[in-house]
Amino acid sequence: MLTTETVQKGSSIVGRVLASFNMASRRLETLVNACTNPECPRRSVRQALTRKLDGAAVAGQWFCSPACYETGLHRHVSALITSTARSRTLHRARIPLGLMLLSRGHLTHEQLNFALEQHRLTGARVGDILLELNLVTEEQVTSALAAQWGYPIFPSNTAIHHLPVRIPQYLITLHRIMPLHFVEASRRLLLGFADGPDHRILTAVKHILACEVEPCFIAMGEFQRRLQWLNLEATTSEVIFDRTCQVAEIARVAGSYIRQLGAQHANFALSGNHLWVRLTGGKQLMDLLLRFRAC
Ligand SMILES: [Zn+2]
């Protein structure tokens, strides 16, 4: 019979075996992969055998120490922000939602002009204003969006299941996206958009979750219902830096979290005005969301 003591002893043995396996795999990684930092001061095999194991992979490239991965973080984040700033205007070429609703006969010119004026004054989304004024229904908005983009509509009031993939709740709320279904075997995620889909978000989710993403639309009510359900699963594994950060600060912050968590991998994507950093392979999975300034 297993007593509490043997269970504890058993789990601690398993823990030790796993820890030593982890050490060995890190040591191997250090030996097999040379540090990517060209100015790395410690590149000899003897040093790789004896030095402290505190390296990490930044966007798939191995760096041997905190000083080296901070250099890597800085270079990688800078390149990512610059390349995205250049391609910023590529994906926004659809008929605006208001015009779409007008062409479908759901709105009059006067109603649309009034909503556009409110949008200019308050910055609120046109769809939200129209819904709030009861000028259109949720179904009309969702169906106009779906027709505009050629994506399917996800049925409302379907069962909600826990998914094995995680998107930070901050991004879910900000961009009104909702992970709906995930097929493990083919790693395909069905991602619902309650607003017009933003391809930068789609690309970011695809990259960080390492999966294919299929977009669809969900009604705002369905989005809110699922958001409430998600909020019950409170999470402490995302940290938001909503003050604008420059690249050097982003590299410092990410480097410090890698050290604290003992993370082995850091991956990045840009999602709107935030840099999304996912740290894995450490004490826990952690998402950092840092608002950045492109300079
Ligand atoms: Zn190095």
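1. Alanine 57 has tryptophan 62 of β2 as its bridge partner. Strand β1 (residues 56-58) pairs with β2 in the antiparallel sense, over three bridges. Pairing here requires at least two DSSP bridges between two strands. Strands (E, at least two residues) and helices (H or I, at least four) are DSSP runs, numbered from the N terminus.

2. The model is predicted: local features need pLDDT of at least 70, side-chain atom pairs count only at pLDDT 80 or more, and totals for chains, interfaces and linings use all residues. Residue numbers start from 1 along each chain as its sequence is written.

3. β1 and β2 belong to an open sheet of six strands, ordered β2-β1-β7-β8-β9-β6, with mixed pairing. Its edge strands, β2 (61-63) and β6 (238-245), each pair on one side only. The twist averages 25° from one strand to the next. Angles run from 0 to 180 degrees between N-to-C directions, with axes fitted as lines to C-alpha atoms, for helices over the stretch in contact.

4. Another open sheet has three strands, in the order β3-β4-β5, and its pairing is mixed. Strands β4 (residues 188-193) and β5 run parallel, joined by six bridges. Leucine 191 has proline 215 in β5 as its bridge partner.

5. Two helices lie across strands. Helix α9 (residues 199-209) lies across β7 (265-271) and β8 (274-280), at about 170° to β7. Helix α11 (residues 247-261) lies across β1, β6, β7, β8 and β9 (286-292), at about 170° to β9. Contact means that C-beta atoms, placed from the backbone, lie within 7 Å.
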